Amino acid sequence: MPETITQTVPQLLSEQKAVGKSFKPRKDFELLKGAAQYTDDLKLPNMVYAAFLRSPYAHARIKSIDISRARELEGVVYVLTGRETAKQLVYWMQKPGMRNPERLSLATDKVRFVGEPIAAVAATTRAIAEDAIELIDIEYEILPVIVDGEKSLEDPRNALLYEEWGDNVLFHDQHNSNGTEEMFKKADCVVKEKLVSNRYSPTPIETRAILASYDKNENTLLVYASTQFPHVLRTFLSQTIDFPENKIRVIAPKVGGGFGIKSAVFQDEVSTVILSMKLGRPVKWIEDRKEHLLVAGHERQQVHYVECAFKKNGTLLAVRDKVIADFGCSGTFWTEVQPAMLTCASLPGPYRLEYYDFDLWCVVTNKAPCGPHRGFGRPVAAYVIERMMDIGARKLGLDPVEIRLKNMLDPNELPWTTPIGVVYDSGNYKEVLKRTLTLAKYEELRREQQRLLRKGKFVGIGIATYVEYTAPSSSRLQGPLGWAVGGWESCRLTADPSGKVTAYLGMAGQGQAHETIFAQIISDALGVKYDDIVVNEGDTMYSPYGFGAWASRGTVTTGGACIKASRKMKDKVLSIAAHVLKEPPEDLGIRDSIVFSKKNPRQQSITFKEVADLSLRFSSRLPEGMEPGLDFISFYEPEAPTTCSYATHLVVTEVDPETGAIKLLSYYIVDDSGVLVNPMTAHGQVHGALAHGIGGAMLEELSYNPDGQLASSTFIDYLLPTADLMPEVLVDSIETPSLTLGGFKGLGEGAAIPTAAAITNAIDDALSSFNVKFVELPAKPEMVLSLLTKQDH
């Protein structure tokens with residue numbers, strides 16, 4: 001049996017907690033060395049490679065498919081068509097009024113966008129598979145194409161994507177506050193605008209990737225996938241291909257960025273699995289960049305006809321908005337029409353808005369499906385309301401800061417329920433705005449702006465803010481959203497005889513430093529040294545069920561589960577230690593892996609290692625009736641329906657009216673994401689999300705020709721932000737603990753949300769002497785020149 005130790009315990013114990021410290025991410029060195037293993041790095045015995053024949057037409061009937069020449073090519077193992085095997089991808093969202101369009105693993109009779117997969121080839125090399133694709137002969141009947149969302153709603157004519165519908169409406173939703181019309185009648189000023197948001201892609205460094213291996217002898221399916229939700233993918237595959245879920249194992253190795261799109265499942269991924277099951281051997285498919293731009297993550301394309309009613313003093317009385325959201329040929333598993341629903345839910349922002357009406361139309365067009373994308377509808381909401389606040393301020397002769405402070409909720413008004421039922425739990429919106437002004441030295445910036453204007457330089461200052469509800473509860477997901485999804489996450493916590501602790505998480509990360517931050521949380525909650533904790537995730541064989549990393553929910557939900565599991569383990573450790581030390585468990589504490597007496601630190605103590613060893617190898621000496629081992633599992637979801645984070649952004653831009661060129665000079669962010677577990681990794685996510693937002697605001701656009709051909713299918717035409725575009729960025733935070741275990745709030749998406757609004761507000765401010773009004777994204781130089789040309793005429 002392990003012996004107890006007697007020491008002056010305070011000399012052994014660190015006073016500083018792990019949470020709040022900037023530990024370096026544990027796996028960064030592995031990544032920097034290039035030693036990390038991604039799905040494409042995996043090679044299994046007898047593996048073959050998949051490639052897909054994709055539709056070259058935006059809308060057509062498939063009259064015939066001839067695969068005979070492709071089959072004869074040396075190295076081809078199998079050619080699969082939808083007419084042989086096509087599985088209907090399941091739906092997890094059932095919302096009244098939402099249609100569920102046909103979504104087959106391979107098209108059978110009709111294609112509805114350029115890039116839709118029709119046939120799959122498995123071959124001994126990817127090159128041979130792609131050569132075989134060229135040998136498949138398909139006869140098409142070309143159909144009318146529609147790529148404009150407004151026209152699709154108003155006059156689809158004979159360009160119906162789903163003839164049985166009789167129109168192209170995927171989903172229609174309305175909300176009307178009682179009293180909105182009255183508020184508009186009382187208004188001193190009504191501002192009306194048409195605001196347009198662009199369609200763009202998540203573009204993670206690693207594209208979608210899947211390696212499926214079916215074992216005929218064992219009747220088991222092993223799937224490696226670049227995914228944000230291993231357990232969800234496992235359940236989805238079980239339902240879609242009608243295969244026992246307990247025979248499927250999904251592993252997410254290193255994932256090179258998710259950004260929402262890897263919380264979706266597409267036809268090509270399912271077809272790769274079907275190929276493996278037909279062949280009884282591993283099949284790998286790695287999406288190339290053109291495929292990614294053609295197919296994955298098209299979001300944000302919306303048109304808003306928005307009206308805001310103001311009093312003369314800037315008080316916002318009411319908002320009404322007609323929204324037309326272009327969903328391409330459909331939504332994607334599993335979010336469906338939620339991006340547009342979240343736009344409408346998020347539009348009120350941090351403001352005291354009691355009267356709000358919206359009329360939402362989600363329409364289908366001959367474009368790739370609309371999938372989840374970092375920010376998930378909220379960037380469009382921030383763009384609309386924050387542009388309207390600036391436009392309203394200009395019309396009323398108010399400073400943009402003044403109109404925001406006038407309408408922002410005060411801390412004593414929280415929790416606040418928005419007109420459509422979203423609860424803002426905690427925060428201090430005005431304080432964050434004021435701290436942003438202080439960080440940026442706002443008054444000095446305004447003076448410098450005037451000085452530079454006298455020199456002929458056009459510098460603008462743009463402000464934008466937002467509230468993001470994160471970690472939504474099961475009641476919200478399953479109620480208003482109609483989603484068969486839970487809002488909880490899980491943690492299994494074990495200790496071995498050496499006193500080392502291992503956490504198995506239901507969630508899997510894509511670069512958010514989970515292995516670091518959750519070890520910090522467990523270290524504080526359990527009292528064990530940070531270096532003695534290992535975090536594992538991403539393998540459905542070992543981890544408890546979880547719903548994955550999305551909706552900025554990871555730290556809130558999984559962090560809470562880690563705390564609950566730690567508390568369970570701590571209670572048992574203290575009970576065992578109390579039995580050994582002959583002290584009541586309530587008089588004991590744990591810190592730095594030592595169990596000590598809180599009343600008399602000089603009393604004998606015992607190490608965590610000794611307790612763990614006793615619980616396993618010396619279990620006969622446990623308290624009577626106590627089971628051996630230290631192995632616990634916990635599930636956690638916040639009690640509140642939402643946990644809200646928020647921030648204010650301020651950007652300084654310089655605009656050249658001769659060329660339309662826009663230069664970002666400096667960027668300031670103050671956010672409130674509750675208790676920051678690791679400030680360094682948190683601010684790293686802020687910088688990354690900001691770059692994502694800048695790309696969408698200024699460069700990125702999935703542009704279609706009238707015939708439905710994507711005109712920006714390579715990085716020659718689809719531009720991404722580079723280092724020279726990024727400005728100097730200063731980030732600060734306040735910490736208003738949430739009402740959750742640990743006081744955490746979501747963070748990962750936030751900085752991508754108000755970016756477009758801040759930048760376009762700054763452009764308008766820079767060109768205020770030209771009286772331009774920016775109403776359409778992205779903010780490219782040619783758009784600036786177009787606005788200036790219109791003013792000249």
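Is Trp488 buried, exposed or partly exposed? In this predicted model, Trp488 is partly exposed, with a relative accessible area of 23%; here buried means under 20% relative accessible area, exposed over 50%, and partly exposed in between, computed with a 1.4 Å probe on protein chains only. Because the model is predicted, local features need pLDDT of at least 70 and side-chain atom pairs count only at pLDDT 80 or more, while totals for chains, interfaces and linings use all residues. Residues are numbered from 1 along each chain as its sequence is written, and side-chain values use heavy atoms, with hydrogens and water left out.

Trp488 also has an aromatic partner. The structure holds 22 aromatic pairs, counted when ring centres of Phe, Tyr and Trp (its six-membered ring) lie within 6.5 Å; planes under 30 degrees apart are called stacked, those over 60 edge-to-face and the rest tilted. Among the pairs, Trp488 and Phe635 are edge-to-face, at 5.3 Å centre to centre and with 85 degrees between the planes. This pair links distant parts of the chain, 147 residues apart: Trp488 lies in the loop between α14 (474–478) and β19 (489–495), and Phe635 in strand β25 (residues 631–636). Helices (H or I, at least four residues) and strands (E, at least two) are DSSP runs, numbered from the N terminus. Phe635 is likewise partly exposed, at 38% relative accessibility.

Elsewhere, ring pairs join Trp92, Phe229, Phe236, Phe333, Trp334, Trp483 and Trp550 into a cluster. Charges meet rings as well: the charged end of Arg26 sits over the ring of Tyr530, 4.2 Å from its centre, and that of Arg208 over the ring of Phe266, 4.5 Å from its centre. The criterion for such a contact is NZ of Lys or CZ of Arg within 6 Å of the ring centre and within 35 degrees of the ring normal.

Strands pair if DSSP finds at least two bridges between them. Within this sheet, β20 (residues 501–505) and β21 run parallel over 5 bridges, and Leu505 has Glu537 of β21 as its bridge partner.

On one hand, β26 (residues 643–655) runs antiparallel to β27 and is joined to it by 10 bridges, with His649 standing opposite Ile669 in β27. These two strands form a hairpin with 6 residues between them, and Gly660 in the turn has a positive phi of about 80 degrees. On the other hand, β27 and β28 run parallel and share 7 bridges; there, Asp672 has Ile734 in β28 as its bridge partner. The loop between β28 (728–734) and α19 (755–766) contains Gly748, which is buried at 16% relative accessibility.

Finally, helix α12 (residues 429–440) has 12 residues and reaches 17 Å from its first C-alpha to its last, close to the 16 Å expected, where the expected span is 1.5 Å times one less than the number of residues. Its buried residues include Tyr429, Val432, Leu433 and Leu437. Seen down the axis of α12, the buried residues fall within an arc of 165 degrees, so they line one face of the helix; the arc is that of the directions from the helix axis to the C-beta atoms. Just after α12, Lys441 takes a positive phi of about 55 degrees.
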